[in-house]
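This report concerns how two chains of a model are arranged and how they meet. Please keep the sequence and the structure in view while reading.

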Protein chains: 6
Amino acid sequence: MDNIRYLRGWEKLKEIDGEQGERVIASLSDIAPDFAKLLIEFPFGDIYSRPGLDLKSREIAVVAALTALGNAAPQLKVHIHGALNVGCSRTEVVEVIMQMAVYAGFPAALNGLFAAKEVFADRDAKKNAPEK
Amino acid sequence: MDNIRYLRGWEKLKEIDGEQGERVIASLSDIAPDFAKLLIEFPFGDIYSRPGLDLKSREIAVVAALTALGNAAPQLKVHIHGALNVGCSRTEVVEVIMQMAVYAGFPAALNGLFAAKEVFADRDAKKNAPEK
Amino acid sequence: MDNIRYLRGWEKLKEIDGEQGERVIASLSDIAPDFAKLLIEFPFGDIYSRPGLDLKSREIAVVAALTALGNAAPQLKVHIHGALNVGCSRTEVVEVIMQMAVYAGFPAALNGLFAAKEVFADRDAKKNAPEK
Amino acid sequence: MDNIRYLRGWEKLKEIDGEQGERVIASLSDIAPDFAKLLIEFPFGDIYSRPGLDLKSREIAVVAALTALGNAAPQLKVHIHGALNVGCSRTEVVEVIMQMAVYAGFPAALNGLFAAKEVFADRDAKKNAPEK
Amino acid sequence: MDNIRYLRGWEKLKEIDGEQGERVIASLSDIAPDFAKLLIEFPFGDIYSRPGLDLKSREIAVVAALTALGNAAPQLKVHIHGALNVGCSRTEVVEVIMQMAVYAGFPAALNGLFAAKEVFADRDAKKNAPEK
Amino acid sequence: MDNIRYLRGWEKLKEIDGEQGERVIASLSDIAPDFAKLLIEFPFGDIYSRPGLDLKSREIAVVAALTALGNAAPQLKVHIHGALNVGCSRTEVVEVIMQMAVYAGFPAALNGLFAAKEVFADRDAKKNAPEK
């Protein structure tokens with residue numbers, strides 16, 4: 001069963017952001033390989049794989065939350081990639097982040113926009129970004 | 001122009017949650033009436049009225065952010081009402097909140113679920129809750 | 001396998017705080033029964049059940065973190081009970097909370113101490129509190 | 001010397017808010033009397049007693065910070081009293097809290113305003129509030 | 001009217017920190033030009049332009065809040081510049097930040113002091129810093 | 001007496017992490033030398049020197065809290081060093097940080113693990129790290 005959760009989680013992670021995800025998993029291999037396993041099983045195998053909320057809405061929720069918390073820039077960038085990968089437009093990502101000015105203040109929104117700017121530039125550099 | 005922003009904001013606030021919104025505005029009338037005006041103009045007149053992101057996605061973003069921050073229970077409840085009013089199902093609201101366990105921890109998600117429980121009971125008591 | 005995680009988690013939760021734990025699980029039964037299952041499986045079945053850190057140290061870590069975050073009073077109280085149940089003295093709990101004044105400020109520490117005061121009184125009322 | 005710090009702190013606490021301060025100190029007497037002593041010595045004896053920043057500015061700084069953090073309502077109320085006691089007008093207190101909408105979001109500012117509303121009503125009830 | 005808010009906001013921003021402000025506005029021009037407009041209109045045109053609290057007190061409030069939140073270093077630096085530009089001495093800025101050790105812990109205060117150190121060095125390098 | 005607190009604090013700081021501690025104290029010498037003194041006296045002279053909680057438990061509490069808060073990476077690294085210096089194994093440090101995924105979310109735990117990875121590499125480079 002754990003194996004099923006792991007495989008299901010890995011599939012979901014690939015769907016959201018395979019490249020960034022693999023990098024995170026690899027970076028844990030020496031210090032906490034079990035945490036890499038738990039990260040695939042619980043967030044991606046248990047939560048993201050649930051029916052009841054589409055993946056695009058899930059990524060909007062994460063981008064909103066990480067922008068508001070303001071203390072997890074690397075993970076925010078991963079999920080801005082993720083949001084774009086599962087169907088959000090760049091405009092939608094920018095709107096979600098701008099809206100956080102209302103709930104977490106202008107500095108949180110500004111830092112979220114700067115994270116988005118880096119992600120967009122990164123994708124432009126790779127010529128694999130057809131989002132508007 | 002300010003008048004236009006105010007009117008546009010008030011219409012948007014009514015669309016999201018007229019009843020709860022009026023209560024908040026009224027509660028500010030003695031201590032900070034200008035803040036009530038700014039609250040209608042900026043969040044609702046400027047931000048929520050922008051094109052580029054549908055209202056249902058905006059409410060998902062707020063429910064996610066306020067659950068994650070965990071320090072604004074009254075406003076979270078207002079926006080759980082708002083999410084249901086603009087087309088989210090109860091299941092979608094519950095899924096957004098559960099997902100926050102991944103980004104802000106289980107206590108934040110638990111307290112978000114208890115807020116949702118109160119809102120659902122409140123709506124059931126008023127027999128005006130056809131959401132599933 | 002999931003069944004094993006659930007059973008292992010439930011045993012661990014009972015060891016830490018059976019009474020409080022059952023109450024939390026029960027309170028989720030109508031709104032998000034799946035979350036109750038995930039709560040037993042991941043935190044208690046996966047994390048608390050790991051070797052490498054004794055249960056007393058784990059409870060010290062939680063009391064410290066929830067005091068510092070300052071936005072999850074109900075869960076802090078559950079884990080003050082938990083800390084006492086797995087072998088911390090009241091003095092040790094108070095010392096952990098006081099120390100948080102250094103890392104999260106005096107208001108966070110004060111509110112943590114008031115939570116501890118409630119828990120100690122609750123245990124005294126039940127005459128089942130031999131902690132010093 | 002510790003005695004000097006304690007006496008200096010106690011004098012400063014009385015200047016800021018003797019009544020509220022005594023209540024906090026008393027509430028710690030059974031659970032953590034040493035923390036009451038440290039609370040008088042370090043924040044009030046060491047920090048508030050420093051030259052270089054006037055007491056009114058110090059209270060503006062605290063009201064701003066506790067409004068922004070949003071997780072310490074009891075201490076925010078103590079310092080709204082304190083700000084009024086050391087010379088801030090009610091208008092100034094309200095302006096500081098409103099400004100936090102920019103830095104910590106509208107919910108934080110709203111909850112700060114509701115705290116101020118309670119404090120103002122409390123002072124009005126005691127007929128000892130000549131602030132405008 | 002919006003035009004009036006924009007012009008009033010721009011004047012206020014220049015008064016607080018024209019150079020840093022222009023840089024922030026410019027950095028938004030490609031990703032979210034509307035957010036630059038909102039940033040001038042709401043925080044500076046609506047909030048900072050209000051009577052009832054002097055600009056020096058407003059900057060003290062921001063430096064306190066951003067030090068306490070601890071997750072917006074770039075904006076904290078902008079407002080340390082701002083505080084010095086509108087009349088705070090370096091000593092007053094340092095005192096506000098030190099005081100945050102009481103409300104948000106020593107790490108928040110330390111990181112605030114290191115931000116101030118950078119700002120002071122930056123101003124010294126430009127020979128335009130007559131503050132004591 | 002202050003002198004006693006300072007000396008006691010300095011001894012305690014050296015016991016936890018002399019090298020890192022001296023660096024922090026030195027970095028404050030130009031901007032806020034009084035804060036360096038207060039930092040030795042209150043956290044280390046008053047809090048860490050208290051009986052009632054062993055030093056290893058105290059360092060577990062700090063690593064937990066700073067991982068959960070997620071906005072004080074430099075201080076988290078100092079205390080990961082500290083935890084190892086006073087007897088925690090690397091495994092115990094990793095377990096405390098992993099556990100924070102439950103209370104503050106996976107991004108907080110991930111960033112805590114990356115901080116630990118840097119500290120472990122730093123200690124390996126100095127060949128003075130016999131921890132397992």
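## Model and confidence

This is a predicted model in which local features need pLDDT of at least 70, side-chain atom pairs count only at pLDDT 80 or more, and totals for chains, interfaces and linings use all residues. Residues are numbered from 1 along each chain as its sequence is written, chains are lettered from A and ligands numbered from 1 in the order in which they are written, and side-chain values use heavy atoms, with hydrogens and water left out.

Chain A has a mean pLDDT of 94, with 95% of its residues at 70 or more; pLDDT is the predictor's confidence in each residue, from 0 to 100. The scores of the model are ipTM 0.94 and pTM 0.96.

## The interface

In the interface, 30 residues of chain A are in contact (heavy atoms within 4.5 Å) with 30 residues of chain B. The two chains bury about 2,600 Å² between them, 70% of it on carbon and sulfur atoms. Buried area is the accessible area (1.4 Å probe) that two parts lose on being put together, summed over both. Of the area that chain A buries against chain B, Glu95(A), Gln99(A) and Tyr103(A) supply 24%, more than any other three residues.

## Salt bridges

Between chain A and chain B the count is 4 salt bridges, each a side-chain nitrogen of Lys or Arg within 4 Å of a carboxyl oxygen of Asp or Glu. Arg50(B) and Glu95(A) form a salt bridge through their side chains (2.8 Å, N to O). Glu95(A) is also one of the three residues named above for buried area.

Over all chains, the structure holds 90 salt bridges. Among them, the side chains of Lys77(B) and Glu118(B) meet at 2.9 Å, N to O. This pair links distant parts of the chain, 41 residues apart: Lys77(B) lies in helix α4 (residues 73-85) of chain B and Glu118(B) in helix α6 (residues 106-125) of chain B. Helices are DSSP runs (H or I, at least four residues), numbered from the N terminus.

Conventions: Helices (H or I, at least four residues) and strands (E, at least two) are DSSP runs, numbered from the N terminus.
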